[in-house]
Amino acid sequence: MRTSFPRISVILVTALVVLAPLGLVFYQSFLDNPFFAPKIQFTLSAYEYVLTDEDFHSAFLNSLMIATGMTAIAVPLGGILAFLVVRTDLPGRRWLEPLLLLPVFLSPVVLAFGYVVAAGPVGFLSLPAEAWFGFVPWDIYSITGLVLVAGLTHVPHVYLYASSALRGVSSDLEEAARVGGAGPWRVAIDVSLPMVMPALLYAGVLVFFLGFELFGLPLVLGDPQGILVMSTYLYKLTNLLGTPSYQLMAVVVVALVFVTFPLVVLQRTLLRQAGKYVTMKGKGARQTPLKLGGWKWLALGLLALWLVATVVIPLAGIGLRSVVSSWGRGVTLADQLTLAHYRDLWEYPNLIRGILNTLGIGVIGGALSVACYTAVALAAHRWPSRWVRLLDFLVLVPRAMPGLVAGLAILWIFLFVPGLGYLKSTMISVWIAYSVVWLAYGMRLISSALLQVAPELEEGARVVGAGPHRVNLDVTIPLIRFGLLGSWLLIFMIFVREYSTGIYLLGPGTEVIGSLLVSLWGTGDIDLISALSVINVAMVGVGLLAALRLGVRLHG
Amino acid sequence: MAELSVENVRLRLGGMEILKGVSMELERGQVVALLGPSGSGKTTLLRAVAGLEQPFAGRISLGGRPVFDAGARIDLPAEKRNLGLVFQSYALWPHRTVFDNVAYGLKLRGVGSGEIRQRVEQVLGQIGLGQHAGRFPHQLSGGQQQRVALARALVYSPPVILLDEPLSNLDAKLREEARAWLRELIVTLHLSALCVTHDQVEAMAIADRILLLNAGQVEQAGTPQEMYGAPKSLFVAEFMGANNRLDGTLAERRDGYAALAVAGKAQDEPLLWGRMQGERAAGGPATGIVRLESVRPADGPGENRLGLELVTSMYLGERWEYLFHRGPLKVRAYGDRELAPGRHWLEFPPDRVWLF
Amino acid sequence: MRNTLLGAAVAGLLALPAMAQTVPEGYPASYKDTIAAAVKEGKVVVYSSTDAAQVRPLLDDFKTLYPNVTVEYNDLNSTELYNRFISEAAAGAGSGDVLWSSAMDLQIKLVNDGYAQAYESPELKALPQWSVWKNEAFGTTFEPVIFIYNKRLVPDGDVPKTHADLAKLLEAKAAEYKGKVTAYDPERSGVGYLFVTQDAAVSPGARDLFRAFGKSGIKLYTSAGAMLERVTSGEHLIGYNIFGSYALTRSKKDPNIGIVYPEDYTLVMSRVAFIPKAAKNPNAAKLFLDYVLSKRGQTLVANQAELFSIRDDVAGEATAKAVNAKLGDKVKPIKVGPELLSTLDQTKRLTFIKQWQQAMQGK
C-alpha cells in the first residue's frame, strides 16, 4: 500500500544500465552480421559454431578447472588467514592486513608478468633453482601453475568476506572451545570457520565466478602453452575469421551469463540458510584475541609464505624488471642496472594525463560510484520485495561480461542511443563503464556495511517523524560513513588498476594507466610497462597507507 | 474518546500469522501494558501501532483519526503518525550527541533553533540529564541511555508514547528504581502510553490496564488487580504471579466451588476445594492454581490442607521460601522462619485456589 | 616535457603568420587553400595502432609545422581500431579523420568496403607503386619482417641467415632449440596470420619450415612484447617474423637482441593510412597524411620512430633505401592492394589454419 516509487525507479535505472549492454549482446548473438550492418539475418549459426568448436570445449573445461582449483585454494587459505589476523594475537597483524589485500589491487597482467620475470623458465628464482636441482622444479605456464597463481592471488577476496564475518562472532564461542580443550587450530576449524560458513561459501561462489572470467593471468601465463580459457578464447574469436565476429563473441558472453545464473541462485540459497547462524550479531559481540602461544610462529610462517608467494615474488619481478635493461639466462643483473626506463617514461606523451586521469577516475569517479552503489543499496535496504531479488541478479550479471566486451557494448550504447553521443570518449563514459562492471563488488561492500546498522536506529527516526529520505540522509548514511569511506578506498584501488573495460572508450584526454599498459604490451615496450606498473603499484600503495593513516577500516 | 484504538488487527510476518485479530483501546492519560510470553505478538502489535509493521486487516486510529485501515486502504507511514517510541535497545543514534538525539524530532517539525534549545533543555532537565547534553550515547550508562531514549520520544509531546520493553536492558536493581521513576514521570506529565513487557510485575507497577496476549490474541484485559486477582483462564492465572500448579481430577462441584482430587492423593487426605473457573464436568481432569503467597504452612491436618515433605528452605532476606514435594507434586510456599526437615501441613485457602 | 611543449607553443606563435601561408616545397600553390581549410578545422583525429610514444617525434614536429592544427592521437590496437571505426561509422558518429594501422588486411577491407576517400597526395610520386591503392590507401612505412635471436645464448654459427637455415638448425640441433623458438600465433593474431600466409605465397619451402616449427615445439604468442621480452631473457632463443621496427628499437636499448634480415627473402609490411569519406576534418587529415609521407616526416619515421621510411630519398639505417641496398631483389613487400582481401576470405582462412595446425603437429 505504501508507495515504493523511488525504490522501484532506482532499481529500474540500474536494470536499464545493466541490461542495455547485455541485451545488445544477446541480440547480437542471434545475428549473422554486426547488428548495425545494413543487411542482417536472424540465425543460430553462431551458437552452432561456438558450441561445436573444440577450442570452446577446451576453453570451457580449462576455465572450469581453473575456477574449481582456485576456489579450492583460495577459500580455505583465505579463511585461515582471516582467522589468524582477526581472532588471534598474531604478532604484527595490524600492518599485515593491508599487505594481505594488496594483490586485489594489482593489475593481473602486471602480476603475471612479475611472475614471469621471477619464476618463469629463466626467472631470477628459477635460474638458481635450476643450478641447484638441475631443473626448474615448477612450471608457471602449466594449468597447475595457473591454478596456483590464480588461487593464491584470490585469497584476499575470501579474506575480505571472511574477516568481516569473523569480526561479528562473539569470542565466547571460541573461548568455550578453548576451555573444552581445543588448540587454536581446532578452534579455527571446529568453531570459528563453521560460524562464518555462509560468508565463506559466498566468497567461494564469487571466486569461482572470478575464475571463469579470469583474463590477465591466462593472457600472460597461458600464452606459451596455448592454454585457452573463456576470455582468451574470446580474444581468439576476434581474429579467427580475420574480421571480428561479434556474433561469436556474443555467444561466448551468453554462455558465461548462463554459468552465472545457477551461481546467483546458489548464492541466494546460501544466504537464506545463513539465518541459522543467529549468534552472529552485527554489534556488541565481545572480542578478545585468542592466544596462539607456540602456534604463533607456525601461523606467522604460513602467512609469510603466502605473502612471499603472492606479493613479494611478483612485485620483486616487476620492480627488478623496471631497473634493468636486460635479464634472464646469462645476464649479470648488477651490470644491467639503469633508471633509463623511468626517464623514458617521463618523455611518454600521455603519461602525465594518464596518471591524472587515473587518479581522477579513482578519486572522483570512485566517490561517484560509491554514491551510486549506495543509492542502489539503499533502494533495496530493508525491503522484502521481488524487486530486490531481481536486483540481486542484476548486479552480478555485468560480471559475466568480460571487461573488453562490456566496454565494446557500452561504446555501442553511446553510439547508437540518440543523445548520448556527446558523452562518448569522455571520462563520463569511462566512468559509467567502470561502475557497471564493478557493480556487484561495490554493492556487496555497501550492503555489508548496511547490514551492520541495527534496524531500530532507522525505525527510531521514522517514528520521530523523518520520512524515508530523511532517514537515509540523517541516520543510515552517517552511520555507515566509515563503511562508505572504506568502500571508496577499495573502489579507488580497483579503478586505478582496471585495464580492459575502458579500451574502447579511450581517446586523447581519457587515457588511464591500465589501458596504456595493455596498449604497450602489444608492441613490446616492456621497459616502459614495468616502470609504469611500478608507478601504478606505488599509487595503490600510497592509497593503502593513506587509508591506514586515516584509520579507515578496510573491511567496511 | 480513546487516544488510541486498535480494532481487529491481523498481521502476518514471513508467512506466519502473528496477530490474529487484536482489539484494544487506550484512554487519554492512561498506561496500557501489553503483556505476554515471547512470540505472543505484543511487540508486533506495538510496531503495527507505530507504523513499522503493516497489518493486512483491521483498523488503528489515533485520537479518532484512522492511521491504518485495511478496508479503506489507509496506511499512514510511521513518520506521519506523530508518536513517540522508546526501543528496547534505546536505538540512540551513536553519531549524535544527546542534545542532537533529542532535538531531531523538533528539527523535523520545523521548530526554530531557539525553541529547540529551550525545549530540549527542559526535557533533559526533567529526566535529570541536563548536564549531559553534549555527550555521545556511548559515554552514558545504560540507565542514562534509557532516559535519553525516553526524552527523545517525549520532546515533541506526542499524544501517545510507545515503550518497547523499556526496562529490560537494565540490571535488576536499577530496573526497580527506573520502574518507579518511569511511573512517576508518566503520572506527573499525564502521558498516555502503551508499554510492551514480558514482566508481569513491571506491567502491574506501571500500567493502569493490562492486555495479556497469547499466540496473537488477547487472552484477557483488565486492571492489574483484575488480572492478578481474577484470572479468567489457566493461561492468565499461570502467567500472572508466582504459582503452584496442582494437577488432578475434578471430584465435586458446588455453588461456584469445586473439589480437586490432587494426583497421588492418599485415601484419608481431604479434597482440595477452590473456586471453579469455567465449565468442567466432574470426573474429568482439572488443574488447580494457587499463588505462592497464598499457601500457608499449618500446624496439622485439616480442611484444604495437604501433607508434604520439605525438600529445602531458602533464605530470601525478608522471608523464607520452602520447597515441598510428594511424588510428582511440587509446592512452593513462603514463611517467616526456617522449617525443620520432615513432613509439614500446608493450607490452601479455597478462595485463593482457582480450578480450571 | 612541459618545457618542450611550452617551447613548441612559443615557437609556433612566433612563426604563425609566415607558417600559415607556407606551402611545402614542390606542392601545388592551391595547397594553401587546404592549409587554410585545415586551420579552420583546427584539429585532426588520428586512430592509430602505433604507440604514441613511438611516433611522438612526428607529432611534435607536425605541431611546429602546423601549430594551429591539433593532433588528437588515439592509440588503439589494430582490432580495436577496426571495431571502433565500423561501429562509429554505422552510427554516423564522429570517428577518425585518419586511420593508420598495421593491420594491412583490415585497412584494405575498409577501403574496399567504400569507407575511404580518394586523395591525390602531392607526395604520391615519391612513393613506390605497390604501396598505394586507388589513391585511397597509402603505405607509410617499410618495415622488414625479420628474425631476432639472443646474442648471449645463440652461438654465431647457429644464427640462421635464411628461412632454410632456420629449418635446418631446428633439425640439426633439435634438443637445444626444443621450445626455444617463438612466433606470432596466426590463429590468435591478425598480423601473425598475414605474415605466415605471405610466407606460404612467397616461398615454396614454407610448409617445411612450419613443420620444423611444429616438431621443435614452437611457442606462439599474441604480442610482440611477449616475444621480444622472452627472447632477450633467454626463455626463448629465436623469434620468427618479428616487426623489424620494434626489434630495432629494442636492440638499441638492449644489446642482447640480434637482428637477421633473411637473405633468401625478407617480407616487408607497411602501415596503411587512409582518410575516411566521413572524416569531419578532411583537410587537416590531408595535411597529416601528406606530412607523414613527406620527406620531412619520413626522416623522422626512419631516424626517430625507427619505423623504416618508405621513401627512397631518406637516408639512415631504418629506411627502404638501406634495406633495399642490403637485400636487393630479395625484398618482398606485401602489396597494398586488393590481394590482401583474400587473407580475410573465411574459407581460405579456415583451410590455411587447418594446414597450419597440422604443421604444428609435425605433419
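What share of the contacts in chain C with a separation of 6 or more comes from residues 24 or more positions apart? The figure is 76%. Before going on, note that this is a predicted model.

Let me stay with chain C for a moment. Its secondary structure amounts to 14 helices and 13 strands. Of its 363 residues, 55% are buried. Along the principal axes, the C-alpha atoms of chain C fill a box of roughly 70 × 45 × 35 Å. For the radius of gyration, a compact globule with 363 residues would come out near 21 Å, and chain C has 21 Å, so the two agree.

Next, the contact between chains A and B. Chain A supplies 17 residues to it, and chain B supplies 20 residues. On the side of chain B that touches chain A, the largest share is three residues, and they come from helix α2 (residues 98–108) of chain B. Sorted by class, that side of chain B holds eleven nonpolar, five charged and four polar residues.

Last, one residue in chain B. B:Arg245 sits in strand β12, which covers residues 243–254 of chain B. B:Arg319 is 74 residues from B:Arg245 along the chain, and their C-alpha atoms are separated by 22 Å.

That is what I have for today.

Conventions. Residues numbered from 1 in each chain as written. Chains lettered and ligands numbered in written order. Predicted model: local features only at pLDDT ≥ 70, side-chain atom pairs only at ≥ 80, totals over all residues. Contact = placed C-beta atoms within 7 Å. Helix = DSSP H or I, 4+ residues; strand = E, 2+ residues; numbered from the N terminus. Nonpolar A, V, L, I, M, F, W, Y, C, P; charged D, E, K, R; others polar. Rg over C-alpha atoms; globule rule 2.2 N^0.38 Å. Buried ≥ 20, exposed ≤ 12 C-beta atoms within 10 Å, placed from the backbone.
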